[in-house]
Amino acid sequence: MIFAVVQGARPSLAQWLAVAAVMAGVVVMSRSAAHYETSGVLQPGKLKSVLGLAVLASLLFAVSLASGQHAAPVIGEVETVWLARVFGFVAIGTIYLWRSPSLKLPMRWLPLLGVMGCLDVAALGIIVAAGRLSNPAFATVASSAFSAVTVILARVILRETISLAQLGGMALIFGGVGVLAGL
C-alpha cells in the first residue's frame, strides 16, 4: 500500500481502514499461538536480529510483488512469473551450492516440493496478474489472509483448537479483505 501511495494511488478512508483491519488481524493471529513446536524462546540478544530480518523480508517481498505487478501489464503475467522464477532458481541454486554442497536431497521429498513449487508459482501469478486491475496493491494485502487460512487448515487437518484471539484475528482479516473486495 505504501508503494501504491508513493506512486500516486489515493485510497479512501474505508480502504485504509480495511487494510488496517487486515494488518491488525495478521498481528493478532501471529501473537495468539498458545504454544510453539519448538521451545518458543529466543536466545538472549536475538530479538533485534529476528525482528530486523522479518522487516527486511517483508520489505523485499513487498518490492518483489510491486515490481511484478508493474511488469505484468508490460510483458505479461506468465512472462513476469517465469522470469522471476528463473532468477530465483539461479539465486537459490547459488546459495545452496555455497552453503551446503554436500547436502543430499531425499528423492521422496521431490513430489511434495514439486507441489509446493506449483502452489507458490500459482500464488505469485495471481498476485502479479492483479497488476492489470485498478487497485493491484489490494491483492497483496488480501494475500496476507494466508495466516488465517493456515489456522483453519490446522484445525481441519491437525485438529488443533482455535482460540478466541485467533477467531478475532480471522474476523479482522476476512472482514478487511471483504471490504476491499467490495470497494
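Helix α3 covers residues 47–75, and at 1.5 Å a residue its 29 residues should span 42 Å; the C-alpha atoms at its ends are 41 Å apart, which agrees. Keep in mind as you look around that this is a predicted model.

Stay with α3 for a moment. Its buried residues are L65, A66, G68, Q69 and A72. These buried residues pack against α1 (2–6), α4 (77–99), α5 (110–129) and α6 (136–143). After α3 comes G76, which has a positive phi, near 105°.

Now turn to the surface. A nonpolar patch there is formed by V74, I75, W82, L83, V86, F87, F89, V90, I92, I95 and W98, which together have about 1,300 Å² of accessible area. Two or more residues of the patch come from each of α3 and α4. Helix α4 gives the largest share, nine residues; V90 has its place in this helix.

Let us finish with charged side chains. Side chains of opposite charge can pair when their charged atoms come close. In the whole structure, a search finds two salt bridges. One joins the side chains of E77 and R132, at 2.6 Å from N to O. This pair links distant parts of the chain, since E77 sits in helix α4 and R132 in the loop between α5 and α6, 55 residues apart. E77 is partly exposed, with a relative accessible area of 23%, and R132 is partly exposed at 47%.

R85 forms a salt bridge with D120, where the closest N and O atoms are 2.4 Å apart. R85 lies in helix α4 and D120 in helix α5, so this pair ties together parts that are 35 residues apart in sequence. R85 counts as partly exposed at 31% relative accessibility, and D120 counts as partly exposed at 40%.

Key. Residues are numbered from 1 along each chain as its sequence is written. This is a predicted model: local features need pLDDT of at least 70, side-chain atom pairs count only at pLDDT 80 or more; totals for chains, interfaces and linings use all residues. Side-chain values use heavy atoms; hydrogens and water are left out. Helices (H or I, at least four residues) and strands (E, at least two) are DSSP runs, numbered from the N terminus. The expected span of a helix is 1.5 Å times one less than its number of residues. Buried means under 20% relative accessible area, exposed over 50%, partly exposed in between (1.4 Å probe, protein chains only). Contact means heavy atoms within 4.5 Å. Patches are made of residues with over 30% relative accessible area and no salt bridge: like charges are joined within 9 Å, nonpolar side chains (Val, Leu, Ile, Met, Phe, Trp, Tyr) within 5 Å. Accessible areas come from the Shrake-Rupley method with a 1.4 Å probe; for residues, only the protein chains shown count as cover. A salt bridge is a side-chain nitrogen of Lys or Arg within 4 Å of a carboxyl oxygen of Asp or Glu.
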